[in-house]
Amino acid sequence: MDMNTSYRSNASAMSSGGIIDGGTSPPTMPHQWERNTRTLVDSARKAQSLATQQRVMSFGTQRTTDETMISDNRSSSTALQRQIQESESLKNRAEQQLEEILRETSMLEDEAAHAEATHEKMKDPLNVAEDNLAIRRKRPPREMTRDAVERALNEQVAGSKHSIRMLGGVLDACEKELARLKVCREKLEEDIDQKRIALEVDNEALQMESGWAGDGGSSARRAQTVALPHMWRQRTENLCEECERSRATCERLRAKSRAIQQEAIAVERETREAALRALSRKMDETERLKSELELSVSNVSQEIATMEEARASVEQSMNDKHGPLALARSRLAVRTSKPNPEVVRDSAERSLEKEIGDLEHSIRKLQLEMARQTADIHRLEQTRARLEADLKDKSDALALEQECESLQLDLSQRMK
């Protein structure tokens, strides 16, 4: 700036000293004439020097701005490339996470389907056990005992209900986790779509060779950019971490579901086998008691037949004594018709009286024996009736136990 000012002041001095108002020049002295020429030459030299310096400064400024432009262009291109690489990396991570989410969703849906099938399958043992309990309630009153079979069936019912309740909880948890996976999938798809659009824009910006006329509306678009780089990066990373947590939760849920299903199947098998063993023992005991009852009924029936034969024999013996008794009484009565002087208590009369007394005593004894035999026969018949009633109860109970066993065996075939 100093050189320019000096140049202008010299030029002004030359113009003011070389022209006089009126267009006429006064006489010039020789020394002044030479000095004026020298002054002009010096001014020209100074102007030339200043122009040379200005040209050098312009070239330096040009080089500096060109280098700055090239450096800025290279820096912006490098920054765009880094941004594209980072966006590609985040997009690839999100896509990989999306694939994992889709795979986990498929596996969890399969596991939920298996759990639902097991849940429905566990209803069959519950229905069979409840049917068995309902069937056994039809037993005769004397057979209504709280035995091992009833306890085993109650355990089967409790085990099935517990399994159904646990599997129901698993299904509810699967439904919730599937909903979370759906949310994660939608967020990832949205983030991937945004990353794809951003990559297309950045690649377009990187491949641009000439600018738009004016600012191209970039001011308005830049005004809408509010996210900082770390916030932009953190959003995708947080989303991926959230998806990883959801996948870990689903993996634990699948493992828990498999364990619960295995436990449910094992409990069902154990309770069913326990019920079958109890039913088998109960039927064996019932069969044994039934056989004993049948033998007792047979023995009692034989004893009744023997007693009836004995009573008939006694009755026949008693009937056989009525004739001799009547004969002895008639003989004694006939002898009383003798004349009084001839009525004597002789040995014949005593014998007839003794015979009558013995026969009457024998008949009374036989009547007593018949009464005792009749009472014994009545007791035996009552005993046989009770035995037959108990035998019928045992037969009915055995038929019901066999029906229960048939249901359990059919269940075993279905549960394979």
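Student: What should I know before I start reading numbers?
Tutor: The model is predicted, so local features need pLDDT of at least 70, side-chain atom pairs count only at pLDDT 80 or more, and totals for chains, interfaces and linings use all residues. Residues are numbered from 1 along each chain as its sequence is written, and side-chain values use heavy atoms, with hydrogens and water left out.

Student: How many helices and strands does the protein chain have?
Tutor: Seven helices and zero strands. The pattern along the sequence is α-α-α-α-α-α-α. Helices (H or I, at least four residues) and strands (E, at least two) are DSSP runs, numbered from the N terminus.

Student: What share of the residues is buried?
Tutor: 28% of the 416 residues. Buried means under 20% relative accessible area, exposed over 50%, and partly exposed in between (1.4 Å probe, protein chains only).

Student: Switching to helix pairs. At what angle do H3 and H7 cross?
Tutor: Roughly 175°. H3 covers residues 123-136, H7 covers residues 347-414, and their axes come within 9 Å. Axes are lines fitted to C-alpha atoms, for helices over the stretch in contact, and angles run from 0 to 180 degrees between N-to-C directions.

Student: So which label does the pair get?
Tutor: H3 is roughly antiparallel to H7. Angles under 35 degrees count as roughly parallel, over 145 as roughly antiparallel, 65 to 115 as roughly perpendicular, and the rest as oblique.

Student: Which residues make the contact?
Tutor: On H3, they include Val 128 and Ile 135; on H7, they include Leu 400, Leu 407 and Leu 411. Contact means heavy atoms within 4.5 Å.

Student: Back to single residues. Where does Asp 191 sit, and what does it touch?
Tutor: Asp 191 lies in helix H4 (residues 148-207). Asp 191 is buried, at 5% relative accessible area. Not counting residues up to four places away in sequence, Asp 191 touches Ala 94, Arg 235, Thr 236 and Leu 239. Its C-alpha is 9.4 Å from that of Glu 95, 96 residues apart along the chain.

Student: What about Thr 236: buried or exposed?
Tutor: Buried, with a relative accessible area of 0%. Thr 236 is in helix H6 (residues 229-335). With the sequence neighbours up to four places away left out, Thr 236 touches Leu 90, Asp 191 and Lys 195. The C-alpha atoms of Thr 236 and Leu 188 are separated by 8.5 Å, 48 residues apart along the chain.

Student: Last topic. How many disulfides are there?
Tutor: Zero, across the whole structure. A disulfide is a pair of cysteine sulfur atoms within 2.5 Å. For Cys 240, the nearest cysteine sulfur is that of Cys 243, 6.3 Å away. Cys 240 is buried, at 0% relative accessible area.
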